[in-house]
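Dear colleague,

My notes on it follow directly after.

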Amino acid sequence: MGFDLGMDLTGAALRQRLHELESLFELLPVGVAIVRDREGREMVTNAAFCRMIGVSPEINPSKTGPNADKLPFKVVENGVEIPPQDLPLQRTARDGVSIESLCHIIRDDGKTVALQGRIVPLLDTDGKPCGSLGVFVDVTERENLICELQEAHETIRTLTGMLAICAHCKRIRDTNDRWVQFEAYIRDHSNAEFTHSICPSCAAKHWERKTPG
């Protein structure tokens, strides 16, 4: 069933439909942000998006808006903070192009949130961009898992490659051409920890008590 917003609705019916849309907007489990001008100064968001970026619902969270200097987060892509005018919502509102993005929100409370977004332009009656609408999903858990898998793959690759080991002292040459103790190399490239003991052969060779002659 769709929302009938035709001109034949009475004022009361229109208000009812508007209330339904506003309720849906707030209840959506994904983040939604709407930019209402080409400069990206006015932005409205739903409760899910506010929770993701760590702001109160009554705050305009636009990085090009009047509260930009007071917002408790920054937006990062590939480890570099994105300039406000180049943020996906702002770019789409200004240039009228659809964008798919993966950004990290680094909040002042120490939490980092990965957001996967799809942003489309809003057009005026002349077909020119006048804003943007974005839908965002929290993919933090997925991104953390990818990082863990990449680290595990690197560890496996390192430990299964050819290792240069000294035939006498048993030190291993690492990727920086340094010769390190065998135990230190394994400890740095895996989760293994070492404890020392003496095998029976060495115990017999070095520690057996000699019988007096």
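In which loop is lysine 170 found? Lysine 170 belongs to the loop between strand E8 (164-165) and strand E9 (172-173); helices (H or I, at least four residues) and strands (E, at least two) are DSSP runs, numbered from the N terminus.

Two remarks on the source are needed. The model is predicted, and local features need pLDDT of at least 70, side-chain atom pairs count only at pLDDT 80 or more, and totals for chains, interfaces and linings use all residues. Residues are numbered from 1 along each chain as its sequence is written, and side-chain values use heavy atoms, with hydrogens and water left out.

Backbone angles in the loops

Lysine 170 has a phi near 70°, a positive value in a residue other than glycine. Its relative accessibility is 45%, so lysine 170 counts as partly exposed; here buried means under 20% relative accessible area, exposed over 50%, and partly exposed in between (1.4 Å probe, protein chains only). Aspartate 177, in the loop between E9 and strand E10 (179-180), also has a positive phi, near 65°. With 58% relative accessibility, aspartate 177 counts as exposed. As background, most residues other than glycine have a negative phi.

The sheet

Seven strands form an open sheet in the order E2-E1-E7-E6-E5-E3-E4, with antiparallel pairing; two strands pair if DSSP finds at least two bridges between them. Its edge strands are strand E2 (43-45) and strand E4 (80-81), each of which pairs on one side only.

Within this sheet, strand E5 (residues 99-107) and strand E6 (residues 112-123) run antiparallel and are joined by eight bridges. Glutamate 100 has arginine 118 in E6 as its bridge partner. The hairpin of E5 and E6 has four residues between the strands, and glycine 110 there takes a positive phi near 95°.

E6 is also joined to strand E7 (residues 129-138), by nine bridges and again in the antiparallel sense. Glutamine 116 stands opposite valine 137 in E7. Five residues lie between the strands in the hairpin of E6 and E7, where glycine 127 has a positive phi near 80°.

Strand E1 (residues 31-35) pairs antiparallel with E7 over five bridges, and glycine 31 has phenylalanine 136 in E7 as its bridge partner.

Packing against the sheet

Helix H3 (residues 88-95) lies across E1, E2, E5, E6 and E7 and runs at about 150° to E7. Axes are lines fitted to C-alpha atoms, for helices over the stretch in contact (heavy atoms within 4.5 Å), and angles run from 0 to 180 degrees between N-to-C directions.

Serine 101, in strand E5, is buried, with a relative accessible area of 5%. Leaving aside residues up to four places away in sequence, serine 101 touches Pro88, Leu115, Gln116, Gly117 and Ile119.

Aromatic side chains

A search of the whole structure gives one aromatic pair. The ring centres of phenylalanine 49 and phenylalanine 136 are 5.2 Å apart and the planes are at 50°, so the pair is tilted. Rings of Phe, Tyr and Trp (its six-membered ring) pair if their centres lie within 6.5 Å; planes under 30 degrees apart count as stacked, over 60 as edge-to-face and the rest as tilted. The pair links distant parts of the chain, since phenylalanine 49 is in helix H2 (residues 47-53) and phenylalanine 136 in strand E7, 87 residues apart. Both phenylalanine 49 and phenylalanine 136 are buried.

Yours sincerely
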